[in-house]
Amino acid sequence: MMTTEVWDYREHVARLARHLCRDPDDGEDVAHSALLKASERLAGFRGESTVETWLHTITLNECHMLRRQRRPASLDDVGEPVDIDEANDPELVAEVNLLNEEINDGEENLVRLRNTISDVD
């Protein structure tokens, strides 16, 4: 197999990466990295699986790498809370308010679920 043949799978890899990353930009970055890595390691491809399966594995690993790089090592690495009123950014304020509503809804759902579980026991 030649390097150019790996790039024939670019749309397939990009679609998988966008799905795994749940973000179009991250998906494109992951797909590009996966295809580059596959091209560089093509000589090591043993043919024990299909090229498609091999590319899936590389894409999945690249997605995991991206998530690990972005995850804070500990809560100490997370920045100080921002006073949203000081942000002076209406879009940011709206987004934070929406996230707070989603968190509250999630907490309410969790309480209902716990009550349902305790009723079953």
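Which residues in α2 and which residues in α4 meet where these two helices are in contact?

Modeller: The model is predicted, so local features need pLDDT of at least 70 and side-chain atom pairs count only at pLDDT 80 or more, whereas totals for chains, interfaces and linings use all residues. Residues are numbered from 1 along each chain as its sequence is written, and side-chain values use heavy atoms, with hydrogens and water left out.

The contact in question joins H12, V13, L16, A17, L20 and C21 in α2 to E52, L55, H56, T59, L60, C63, L66 and R67 in α4. Contact here means heavy atoms within 4.5 Å. Sorted by type, the residues of this contact are nine nonpolar, three polar and two charged. In this sorting, Ala, Val, Leu, Ile, Met, Phe, Trp, Tyr, Cys and Pro are nonpolar, Asp, Glu, Lys and Arg are charged, and the others, Gly among them, are polar.

The setting of these helices comes next. The protein chain has six helices and zero strands, and its pattern along the sequence is α-α-α-α-α-α. Helices (H or I, at least four residues) and strands (E, at least two) are DSSP runs numbered from the N terminus. Of the 121 residues of the protein chain, 20% count as buried; buried means under 20% relative accessible area, exposed over 50%, and partly exposed in between (1.4 Å probe, protein chains only). Among contacts in the protein chain with a separation of 6 or more, 63% come from residues 24 or more positions apart.

Two packed helices are described by the angle between their axes and the distance between the axes. For α2 (residues 10-21) and α4, the angle is about 35 degrees and the axes are 10 Å apart. Axes are lines fitted to C-alpha atoms, for helices over the stretch in contact, and angles run from 0 to 180 degrees between N-to-C directions. The crossing of α2 past α4 is right-handed: a crossing is right-handed if the near helix is turned clockwise from the far one by less than a right angle, and left-handed if anticlockwise.

Helix α4 itself deserves attention. Its 20 residues should span 28 Å at 1.5 Å a residue, and the end C-alpha atoms of α4 are 29 Å apart, which agrees; the expected span is 1.5 Å times one less than the number of residues. The buried residues of α4 are V51, W54, L55, I58, T59, E62, C63 and L66. L60 also lies in α4, but it counts as partly exposed because its relative accessibility is 35%. The C-alpha atoms of L60 and V13 are 9.8 Å from each other, although 47 residues separate them along the chain.

Helix α4 also meets α3. The axes of α3 (residues 24-40) and α4 (residues 51-70) come within 9 Å and cross at roughly 125 degrees. That angle makes α3 oblique to α4; angles under 35 degrees count as roughly parallel, over 145 as roughly antiparallel, 65 to 115 as roughly perpendicular and the rest as oblique. This crossing is right-handed. On the α3 side the contact uses D26, V30, S33, A34, L35, K37 and A38, and on the α4 side W54, L55, I58, T59, E62, C63, L66 and R70. Nine nonpolar, two polar and four charged residues make up the contact of α3 with α4.

Finally, α2 and α3 meet each other. Their axes come within 7 Å and cross at roughly 135 degrees, which means that α2 is oblique to α3. R10, V13, A14, A17, R18 and C21 of α2 make this contact with P24, D26, G27, E28, V30, A31, A34 and L35 of α3. The loop between α2 and α3 holds R22, which counts as exposed because its relative accessibility is 72%. Most residues other than glycine have a negative phi, and most peptide bonds are trans. R22 is not a glycine, yet its phi is positive, at about 60 degrees.
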